[in-house]
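Subject: Handing over the structure

Hi,

Here is the structure I promised to pass on to you. Please open it alongside this note.

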Amino acid sequence: MIQIIEKAYTLQLTESERELLTYLHENIESIPYMSAQKISENSFVSSATMTRFCIKLGFSGFHDLKYQIKQQLLQAEGNANKSNIITLFNKTTEDVDVHSLEKILSLIKCDSSLYIHGSGLNYICAKYLHVNLTTADRPCILIGDRHVLYSLSESMKEGTLFIIFSGDSSYDRYKKLAEKIHHMKGTLILITTKKDSRLASYCDAVYCVKEDNFMFHDKDINPRIGMLTITQIIIEMYSSAYMLNNK
Amino acid sequence: MNDIRSIPVDNLNKSELKILDYIYTHVDDVHSMSVQEFANTVNFSPSSIIRFCKKIGFSGFAELKFSLKAPNERSEPPVVENTNINLILSDLSYDIDGTMRVLNEGDIAKAVDLLTTTQSIHLFDSSGLTGVIVDYVEKYLFTIGRQNVYKYDAEHQLKHVVEKLNQNDLLLMISASGNFGPAFEIVKTAKFHNVKVLSITPFQKNNIAALSDVSLRFFTYQRKNINTDFTSRLPIFYVVNDLLQTYVASLQESEVHHDTNN
C-alpha cells in the first residue's frame, strides 16, 4: 500500500469519501492514467466529493493527487529496481570465463595493429574499449562500418588483430570479413551475445556474453550491459598488467 | 601467514561460518577448486568469497587454499593465477554497491517523469569516456523509439539551441566530475531559460547537480594515467540502463491503460 492510501485510511471520511478511497485502493495502478471524470463515474462518487477528498488529504486538487500517486507507484517500483541493478551485475559476472578473457588479453598485449569494430549498440562497446585502450597507451583503431573494415582487411599485414563486438545476426554480416581475416593470416577476437556462433571457427578467441534482453513493442532489445561489463573487465585486466609494468 | 585452522570465529556471521565449515570438512576438494567453482558450490558470488578471505586475514582465495596444505607440503609460494580477476570483480562490485547507496530512491522516478513529460531531449556529447555514455543514451533512446532526441558536440552550438528552449524541453547532462566547465555553462544557460535539467553526476557535491532538477548520482573510484582520465564508467552505464528500462516500463504501463480505457 502506498503512503497516500495509508494516510487516507487514518482520516475522518464521509461515507462517499470512503467509497472513493476503496475504489482508489483497489485500482491504484490504473489511477494515474484515468481522468477525474472516469474515476467519478466508476466509483459512483461526485466530482465535488472527489475534490473535497483531495483537499482533505492535503492536495490542491485531483490533478495533484494523481501526480503524487504516480510518483509513489514509480518509487515503489524503483526500490525493486535498485536491487535489480546489483542482481544484474551479479548475474553478468557470476560465470565469467576467465580462460577466454586471459586468451583475449594475451592477444591484445601482442605488438600488432589493432582494429576494433561494432555496429549499433555494439559500437558503444567498441568505442568504450577503444578509448580506454588508447588511454592505456595501447594504440588501436575504431571502425564503425564493416565495409570499411573489410576493405582495410584486404591490404592488412599478417598478424593484425581484429576485435569484433556482435549481436545475434552476425554470421551473415561478418562471414566474408572473418574468412578474409583468416585468409590473410590475421587474428580475430569475437565478443558476442550469440551462443555457439558459427563464426567461432574463424576466431582465435571468442567470448560469449550472457544476454540481458527485455521486450518492448514486440522488439527484443539488448541494452548490452553484459557486454559493457565484460569490456570493463578486459580494460581492468589490461590496465592492471599495464600499471604493474610501469611501476 | 594465517593458519586456516586457527581463525577466530567471533566476528563471522552465519553465512561466513557456513563457508568456513565447508572448507574444514572438504579440504581436499576445495584445494583443487577455482574461486568460481567454490563460489558456486557454497552459493555465494566470487566477490563475496574474496571479501570473506580478506576478512579472515588472507590476501585472496589462492592464499587461503595454500594455507590448507600441511606445513611440510608448502614448498612453493602460492600461485596468483585468478587473484587478478577476482580483485577486479571485487572492485567493480564495490563501485556498483556504492552507486546503489548514493542513488536516491525516487530520483529515478522523477527522472522518468522528466523523460515522459518533456517534448525534446538534448544531449551534450563531450569527448572522451563520458562521450561514449552520451552516445549510449542516444542510441538506447532511438532503439526504444523515443522521438526528438538531439545530440551536439559543440558547446557553443548547444548553448545557442538552449537559449531558444523552454520548460517543455529537457537537457540531459552527463558529467564524470560534475564540474566540467563547458557542461556547467550549458546547464546555467538552460536554467536561465527554465529548461528542465536531468543530470548524471558523481556522488560528491558538484555544481551541475546543484543546478539540476534531478541528478542521478553514481559512485566510482577515480583513476588517471598521467593527465588523461581513466576512471571506470561502468556504474554510469548501469544507472542509464536502469533509468531507461524504468522509462520503458512506464511507457508500457500507460499503453496498457490507454487500451483498457478505450
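Below is what came out of the analysis, starting with the conventions.

This is a predicted model, so to speak of local features a pLDDT of at least 70 is needed, side-chain atom pairs count only at pLDDT 80 or more, and totals for chains, interfaces and linings use all residues. Residues are numbered from 1 along each chain as its sequence is written, chains are lettered from A and ligands numbered from 1 in the order in which they are written, and side-chain values use heavy atoms, with hydrogens and water left out.

**Chain A overall**

Of its 247 residues, 52% are buried, meaning under 20% relative accessible area with a 1.4 Å probe, protein chains only. Taking contacts (heavy atoms within 4.5 Å) between residues at least 6 apart in sequence, 67% join residues at least 24 apart.

**The sheet**

Five strands of chain A make an open sheet in the order E2-E1-E3-E4-E5, with parallel pairing; two strands pair if DSSP finds at least two bridges between them. At the edges are E2 (141-143) and E5 (205-208), each pairing on one side only. From one strand to the next, the twist averages 15 degrees. E3 (residues 161-166) and E4 (residues 187-192) of chain A run parallel and are joined by six bridges; Ser166(A) has Thr192(A) as its bridge partner in E4(A).

Two helices of chain A lie across this sheet's strands. H8 (residues 146-153) lies across E1 (114-118), E2 and E3, at about 155 degrees to E1(A), while H9 (residues 170-183) lies across E1, E3 and E4, at about 175 degrees to E3(A). Axes are lines fitted to C-alpha atoms, for helices over the stretch in contact, and angles run from 0 to 180 degrees between N-to-C directions.

**Rings**

Over all chains there are 10 aromatic pairs, counted when ring centres of Phe, Tyr or Trp (its six-membered ring) lie within 6.5 Å. One of them joins Tyr128(A) and Phe237(B) edge-to-face (planes over 60 degrees apart), at 5.1 Å centre to centre and 85 degrees between the planes. This pair crosses between chains, from helix H7 (residues 121-135) of chain A to helix H12 (residues 234-261) of chain B.

Best wishes

Notes: Buried < 20%, exposed > 50% of the residue type's maximum accessible area, 1.4 Å probe, protein only. Phe/Tyr/Trp six-rings, centres within 6.5 Å; stacked < 30°, edge-to-face > 60°. Helix = DSSP H or I, 4+ residues; strand = E, 2+ residues; numbered from the N terminus.
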